Amino acid sequence: MSLLFYRRPDFVAKLPGPMNLTQCQIYVERTQKHRRAIPPQLSFENVIQNKALPPCTLQDFMDYLVYVSHDAENLQFWIWLQCYTKKFYTTSPAEQALSPPWSTVEGLHPTGNDPNQPPRTAEKSKFGASQYEINFDQQEAPVSPTGPMSPQFDKQSFISGIANTTRSAAESVEDANAQVGLKWQPFTIQPHRSEINRVISHYLAPNSPRELNLSHKSRAAVLHALQHTTHPSAFSLVRDIVEGTLRGQSHPNFVRWSICNGNKPRVLFVRNASIAHVIGGFVLAIFLILSAASRWWRLFCFPLFFLGLSAGVAAYKGLCVIVHTGHNRNLRPWEQFGDVASLHSFDNDDEATLSTDDVYSMSNRSGEKRGIFMDTFGTSNSFDHELWVERYKQKPLLQRIFPKNLWVQDETIRILQDRIVWQSHAWSAMISVPLTVLIVALPRTGVL
């Protein structure tokens, strides 16, 4: 990577309308042009397998999709499909025989609704085999289908709630099938049929809590396949679309966002401050040129130009040079209210930096709130009800500009940030030095 010409991954905008394989291929072709901007240590595989360190862990990726990109359902479904595929092949051969493989050609081009039509052999995924071992920092506790349990657990109510949820999932499947013209009932004897129904009601049914952005044709093809079988190959079409979106659009944008060490208020403040420094340099230069002072006093314009341009170039790429001196980053808005007690001791320090132990304690206490997005059958991905949203709106502007900082643990991110900062220094020097020489060379007028 060249020092002067390194660029973060370009922002990949969402394509309009429902997703299909053609649009996913456009995503992949765009990102192929900028593969060198993403080091292997931050590859999609490493992030998904939770091998990267903060701020590029799997939980950080999920937070980005929930709070910034607003399309976390792709990653939630994809994680479930990886786990489901592994679980399906651990069942007995007799149970697997009840759910034969489904051809992706069959899924793309359903020839009808005949339940007696034999499925063809499964074909390879468009993106190849995609089996990953997804590691989590801690095992997630099972979540009740009806929501969190009350302190006084009522067994009868819990069983009744499960029955109601099962019926609701079955009704959602019937409605989804009816909307795409599939009238007959799926084979209930097949393994994991109830789980498949819940996935349909959460991700595939229209107006579902975590509805995937699929075209009508793609949705109909997947539902048609799931009527025949619960084999993982029935999800081949939606798997390719979701994985293509994650690889080609979500992951590059996540890496681009992770390189930034400042929140939006901080970055805007630095940009305005850099402009003020440059303007101040020109004002000082004009004043000294018009005065009778020695031309060597004009050298004092150089620090204003250099600092302003250096901070401005870095801020243009989302970095605050001052925060970077300690390889820190600002806490994200949703991270700032995880644990009030832990932050209380830092109230008198505008540039406080949290240690790893402090953040670990905060993450344990706030894990129940943020961990729900890692659940397959959780609620919708809306976060307007979370407490931090209102509290962040009420936070004073000065505290938004100067929030608490956190050390960047991932070495690759720190290297990329170093490269961008040194790049900003280099470009600033290349512009400031000739500009200062020109100002010093101008004759004085002695008007003032």
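In the lining of the second largest pocket, H11 provides the largest share, 5 residues. That pocket holds about 870 Å³ of space, and of its 32 lining residues Val68, Trp257, Gly262, Asn263 and Lys264 are the closest to its centre. The elements that contribute two or more residues are H3 (58–69), H10 (236–259), H11 (264–290) and H16 (387–393); helices are DSSP runs (H or I, at least four residues) numbered from the N terminus. The model is predicted: local features need pLDDT of at least 70 and side-chain atom pairs pLDDT 80 or more, whereas totals for chains, interfaces and linings use all residues. Residues are numbered from 1 along each chain, and side-chain values use heavy atoms, without hydrogens and water.

On a 1 Å grid over the protein atoms alone, a pocket is an open set of points with protein on both sides within 12 Å along at least five of seven lines, a cavity is a set where a 1.4 Å probe fits but cannot get out, and lining residues have an atom within 4 Å of a point. There are 3 cavities of 30 Å³ or more. The largest cavity, of about 40 Å³, is lined by Pro55, Asp60, Asp63, Trp257, Arg329, Arg332, Trp334 and Glu335.

H8 (residues 193–204) and H9 (residues 216–228) pack at about 170°, with axes 12 Å apart. H8 is therefore roughly antiparallel to H9 (an angle over 145 degrees).

Conventions:
Grid points are joined across faces, edges and corners, and a volume is the space filled by probe spheres set on the points. Axes are lines fitted to C-alpha atoms, for helices over the stretch in contact, and angles run from 0 to 180 degrees between N-to-C directions. Angles under 35 degrees count as roughly parallel, over 145 as roughly antiparallel, 65 to 115 as roughly perpendicular and the rest as oblique.
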